[in-house]
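Trainee: Hi! Could you walk me through this one?
Mentor: Happy to. Let's have it on screen.

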Amino acid sequence: QVQLVESGGGLAQPGGSLRLSCAHSGSILSTNVMEWYRQAPGKQRELVTSITSGGLTNYVNSVKGRFTISRDNAKNTVYLQMNNLKPEDMAVYYCAAVRKYSYGTFRSWGQGTQVTVSS
């Protein structure tokens, strides 16, 4: 059973930065894709960014140029560097690990970490 532990959330001022970490309990190389989602109060969970095992990345338009996803395979950890934070970035951020098989796709979730953007 994959366990993911997020950390790094907290309070930042508008324009500030935070770096989230997601530690994978096993080998991150066993996953096909690592993802960061966020969910704001009263809103649906949103895919923010993803990174494949080969290092390909995707971002939702609202964070392009401000957020950067990266992975350290040796540390089995994925990071989300968030710069120029805006109030609309405030949400609970979740890490997810995706494994794809011929018979289906499986996604494991972390417990989430709160990001608050406020002056």
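Trainee: How much space lies in the largest pocket?
Mentor: About 180 Å³. A pocket here is an open set of points on a 1 Å grid over the protein atoms alone, where a 1.4 Å probe fits, with protein on both sides within 12 Å along at least five of seven lines. This is a predicted model, where local features need pLDDT of at least 70, side-chain atom pairs count only at pLDDT 80 or more, and totals for chains, interfaces and linings use all residues. Residues are numbered from 1 along each chain as its sequence is written, and side-chain values use heavy atoms, with hydrogens and water left out.

Trainee: And which residue classes line the largest pocket?
Mentor: Six charged, three polar and three nonpolar residues. The lining, meaning residues with an atom within 4 Å of a point, includes Arg 38, Lys 43, Glu 88 and Met 90.

Trainee: New topic: which residues make the nonpolar surface patch?
Mentor: Tyr 101, Tyr 103 and Phe 106, over about 350 Å². Such patches take residues with over 30% relative accessible area and no salt bridge, with nonpolar side chains joined within 5 Å.

Trainee: Where is Phe 106 placed?
Mentor: In strand E10, residues 104–109. Phe 106 counts as partly exposed because its relative accessibility is 38%, between the buried limit of under 20% and the exposed limit of over 50% (1.4 Å probe, protein chains only).

Trainee: What about the backbone: what is phi of Asn 84?
Mentor: Near 50 degrees, a positive value in a residue other than glycine. Most residues other than glycine have a negative phi. Asn 84 sits in the loop between E8 and strand E9 (91–101).

Key
Points joined across faces, edges and corners; volume = space filled by probe spheres on them. Nonpolar A, V, L, I, M, F, W, Y, C, P; charged D, E, K, R; others polar. Patch = residues over 30% accessible without salt bridge, like charges linked within 9 Å, V, L, I, M, F, W, Y side chains within 5 Å. Areas by Shrake-Rupley, 256 points an atom, 1.4 Å probe, with all protein chains shown as cover. Salt bridge = Lys/Arg side-chain N within 4 Å of Asp/Glu carboxyl O. Helix = DSSP H or I, 4+ residues; strand = E, 2+ residues; numbered from the N terminus.
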